[in-house]
Every structure is written in C-alpha cells, then in structure tokens.
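Please read the numbered points below with the sequence and the model side by side.

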Amino acid sequence: MSHIAVERNRRRQMNDHLKVLRSLTPCFYIKRGDQASIIGGVIEFIKELHQVLQALESKKRRKSLSPSPGPSPSPRPLQLITLQPDHQNNSHGQENAVKELTACCNSSVADVEAKLSGSNVILKVVSKRIAGQIVKIINVLERLCFEVLHLNISSMDDTVLYSFVVKIGLECQLSVEELALEVQQSFLIIS
C-alpha cells in the first residue's frame, strides 16, 4: 500500500511542477499539453532567455567600454582574449583530454567568441544591428573553409546576437583566435 501512495504522491508532485512550468512559459513555446511538449517548450524558452541575457550583458559591457560622446570619439582597439582550455578530472583525479578551447575578440563595435567543440566551432557574435552584417560574416566563414551548419539570430532593441555552429573544413588552418579576429574584422569592411 505504501508504495502505491508514494508513487501517487510523486505523480501529483510531477503534475504540479509541470503546471507551474507551463504557467511560467509563454503559450507559443508549448505545442501540446503532454509532459514531453511542456518540458521541450520550457527548454526552448530557457535557451532563448539565455541568449537574451548574453546580448544584454554584451550591450552593457560595450556601453561601459565605449568612449563618452564628444568630438570625434576614437575607436577602442581590438581586445583578443584566449581562455584556458576546459579540463575534466576523472574519478581518480587525473586530467582527461582538453574539451574546449575558447577565444574572444572584443571591440566597441562587436564581441566575438569562438569556441572549439569537437570538429565544429561555436561562434557567437553580439553587436549593434548593422544591415548586411550577417552576409559579411557568412562570406568570411565560407572564405576560410568553414561550413555553416546552424545559425540562430536573436535581437533586442538595436542589439543582435548571431549564434553559429560551423564545421571546420579540411583545408582550414586557422586557430580559434584567428577566426575570432577575422570575424571581428568583417565589421570593418565597407560595402
């Protein structure tokens, strides 16, 4: 009897939690009322909130670094940051192989982050909305032997976040630092 009561209580709690998740998530994220649809919709909503948060943080960082308005403000020089590779310890305390290598190239115009993930690169670019900029970035990627596998564009006000997953071509010889710098320089190209 107690096992049945425990299971009934667990299902009641699960249904209560699902109701709360559903009430906190905009309705267009949840296609149907089943558990898998609710959880999938919540995951998509959280991913989008995370991207909006990244865009806002980048916008805040750019505002704090941009020169104050005045006569002919000088552009801030590029800032290239290479983050240490992530290491993972196994249960014996020994270090496994490097999982990811990340490079950031930031300026007052855009923040670019390139992260090596297996045979792909995750590329995130946050900037002000600039007409035609996405085409310039894609042209740079294709010229450098990268294949765009996935692209997600999120925007808020005048800030846009481009999230790419790109496959590294066999002919590609660039480091993540060089890739971040090349994408950053695409903002300097005048059409």
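1. Overall make-up. The secondary structure of the protein consists of four helices and six strands. Please bear in mind that the model is a predicted one. Read from the N terminus, the order of the elements is α-α-β-β-β-β-α-β-β-α.

2. The protein has 191 residues, and 29% of them count as buried. Its accessible surface amounts to about 12,600 Å², with 58% of that area belonging to carbon and sulfur atoms. Among the contacts with a separation of 6 or more, 53% are made by residues 24 or more positions apart.

3. Strand β6 and its partners. Which way do β4 and β6 run relative to each other, parallel or antiparallel? Strand β4, residues 120-128, is antiparallel to β6 and is joined to it by nine bridges. Within this pairing, Val126 has Leu161 of β6 as its bridge partner. Strand β5, residues 146-156, is also antiparallel to β6, and ten bridges join the two. Here Glu147 has Lys167 of β6 as its bridge partner.

4. The turn between β5 and β6. These two strands form a hairpin with two residues between them. In this hairpin, Asp157 takes a positive phi near 55°.

5. A closer look at Ser163. This residue lies in strand β6, which spans residues 159-168. Is Ser163 buried or exposed? Its relative accessibility is 10%, and because buried means under 20%, Ser163 counts as buried. Leaving aside residues up to four places away in sequence, Ser163 touches Gln51, Leu123, Lys124, His150, Leu151 and Asn152. Of these contacts, Leu123 and Lys124 fall within the residue range of β4, while His150, Leu151 and Asn152 fall within that of β5.

6. Helix α4. Which residues of α4 are buried? In this helix, residues 176-185, they are Val176, Glu177, Leu179, Ala180, Val183 and Gln184. Viewed down the axis of α4, these buried residues fall within an arc of 165°, so they line one face of the helix. The spacing along the sequence can be read against a general rule: an α-helix has 3.6 residues a turn, so residues three or four places apart point the same way.

Conventions:
Residues numbered from 1 in each chain as written. Predicted model: local features only at pLDDT ≥ 70, side-chain atom pairs only at ≥ 80, totals over all residues. Heavy atoms only, no water. Buried < 20%, exposed > 50% of the residue type's maximum accessible area, 1.4 Å probe, protein only. Arc of directions from axis to C-beta. Contact = heavy atoms within 4.5 Å. Areas by Shrake-Rupley, 256 points an atom, 1.4 Å probe, with all protein chains shown as cover. Pairing = 2+ DSSP bridges.
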